[in-house]
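Please open the structure in your viewer and keep the selection tool at hand. The stops below go from one part of the chain to the next, with a short account of what is there at each.

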Amino acid sequence: MTHRVELCNQTSKMLDGFGVTNKVVNSKANLDDQAEYSCFVAMVETLNNRLNDSMLDISDVGLVIIDEAHYNSFTKLFKFFEKSFILGVTATPLSSNKELPMKDNYDELITGETIENLIENEFLARAETYAYDMGLTSLEIGSNGDYTVKSSEDLYSSPAMLQKLVDAYKKHSLGKKALIFNNGINTSISVYYAFKEADLPVMHLDNTATKKQRKQILQWFHETPDAILTSVSILTTGFDEPTIDTIILNRATKSLTLYYQMIGRGSRILNNKSKFTTIDLGNNLYRFGPWGSDLDWQLIFKSPNWYADRIKDDDAIESNFKHDLSDEIKEEFSKSEDTYFDIKQTYKDAVDSGESSKVVLERSIEQHAKICIENSEDVYDALALAKLLKDDINQRIETYAKCISRSTYNFLKWLKDDYQKKLSTYLRTNFDEKFEEIHGFPPED
């Protein structure tokens, strides 16, 4: 049993190669000759329809093999095979639905070789991951337990995020074949235009494409050495393209299974390929750990909720980020040895010393003013640099608000506006004095 037509056909061809006489049970298959075959290959819904219509004799079927067994669509067929031995096969034995754990349908988990062993023995390539610290608190969780398409598209279709994606590809994989995973068709289309505008070879594929279009696009992707294919989840399983060099997760997911499937598309060995690149723009590495890390699958199989409840949420992940100026902005502050300011540590130190929490922002303003003055010749230069700090100020305010447990939208907006005004006032009032402290001589008139 498979859940996709590509897997169905791949499985049939593989069985042919081993000399196993098999027949694909599709909507057009004639089953009058079923006695001539020792094996049937079918998709879930097609097989379910045929069995409900009594069009397939399964009385002598002794073994049922289920591919991608973590999907729950197969379970409705189990009633037809109560006398058969059922074997489910999956790379990630964690149910796609937390309400329907695999342990309720399977008696035992038999674990195979670890991904690390498969890499060491040259059956899989090793992933080299570049993870970006992403602010994902705007994402919403849907009824299926994963991030909603709408909230994902609102975030990942923004000009800033599209630019971050293009820049990440250029920095780590320019000229290499890349497969991009998105959470939403609109995002994928926006990604297509962003790469097109950057004059990069790109195509878009989603589940609305016809079979002919899909075949043409995948053929182009296979034949083009530097091809970039932006997609929406449909290539997570049943897609085997060993020439892929880079996997880009342009989305966040709460699903360990989906995380492993997406990255796994780049792990196929080809010629001398021993490694591939993964670019993570969804904090997935921080959420699940490195792809192929040593997971206790027996524990996950027996206690899936225990594992799921221990996956870090976005607030916990982002609380560990060290937010600094972007490389582009940092170039404007090249004369400063350090542009980073630790709001959380400063808050902790203030509380430990019995000081008011407001000193945190006062010290932050002083540090911002210092780096502005270090890189300026006059107060007007400093004020211009201060305007470049808007994103950094916003980040510091949001971190500060979490420290003091007050984070309403109006309060944050007031804090950010007030901070910017106080920084400008500080620069105007103290520029000459601080300039001389830093440089050892007064500014020129």
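## A tour by selection

Begin with the pair of helices α14 and α17, whose crossing is right-handed; keep in mind throughout that what is on the screen is a predicted model. To find the pair, select residues 343–352 for α14 and residues 390–403 for α17, and you will have two helices that pack at an angle of about 40 degrees, with their axes 9 Å apart. Because angles under 35 degrees count as roughly parallel and those from 65 to 115 as roughly perpendicular, α14 and α17 are oblique to each other.

Now show the side chains where these two helices touch: I343, K344 and Y347 on the α14 side meet R396, T399, Y400 and C403 on the α17 side. Coloured by class, the residues of this contact of α14 with α17 divide into four nonpolar, one polar and two charged.

Next, select residues 149–156, which form helix α4, together with residues 185–197, which form helix α6; the axes of this pair come within 8 Å and cross at roughly 20 degrees. An angle under 35 degrees counts as roughly parallel, and α4 is therefore roughly parallel to α6. The crossing of α4 and α6 is left-handed.

Which residues of α4 and α6 meet? From α4 come S152, E153 and Y156, and from α6 come I185, N186 and T187. By class, the contact of α4 with α6 has two nonpolar, three polar and one charged residues.

From here, move to L285, which you will find in helix α9, residues 284–288. If its neighbours within four places in sequence are set aside, L285 is in contact with T129, A131, Y259, D280 and P290. Draw a line from the C-alpha of L285 to that of T129, and the two ends will be 8.3 Å apart in space, although the residues are 156 apart in sequence.

Then step back to view the whole chain, and colour it by its division into domain 1 (5–89), domain 2 (115–319) and domain 3 (327–439). Between domain 1 and domain 2, the C-alpha centres lie 31 Å apart, and the contact takes six residues from domain 1 and five residues from domain 2.

Key
Residues are numbered from 1 along each chain as its sequence is written. This is a predicted model: local features need pLDDT of at least 70, side-chain atom pairs count only at pLDDT 80 or more; totals for chains, interfaces and linings use all residues. Side-chain values use heavy atoms; hydrogens and water are left out. Axes are lines fitted to C-alpha atoms, for helices over the stretch in contact, and angles run from 0 to 180 degrees between N-to-C directions. Helices (H or I, at least four residues) and strands (E, at least two) are DSSP runs, numbered from the N terminus. Angles under 35 degrees count as roughly parallel, over 145 as roughly antiparallel, 65 to 115 as roughly perpendicular and the rest as oblique. A crossing is left-handed if the near helix is turned anticlockwise from the far one by less than a right angle, and right-handed if clockwise. Contact means heavy atoms within 4.5 Å. Ala, Val, Leu, Ile, Met, Phe, Trp, Tyr, Cys and Pro count as nonpolar, Asp, Glu, Lys and Arg as charged, and the others, Gly among them, as polar. Domain bounds come from an automatic or database domain assignment.
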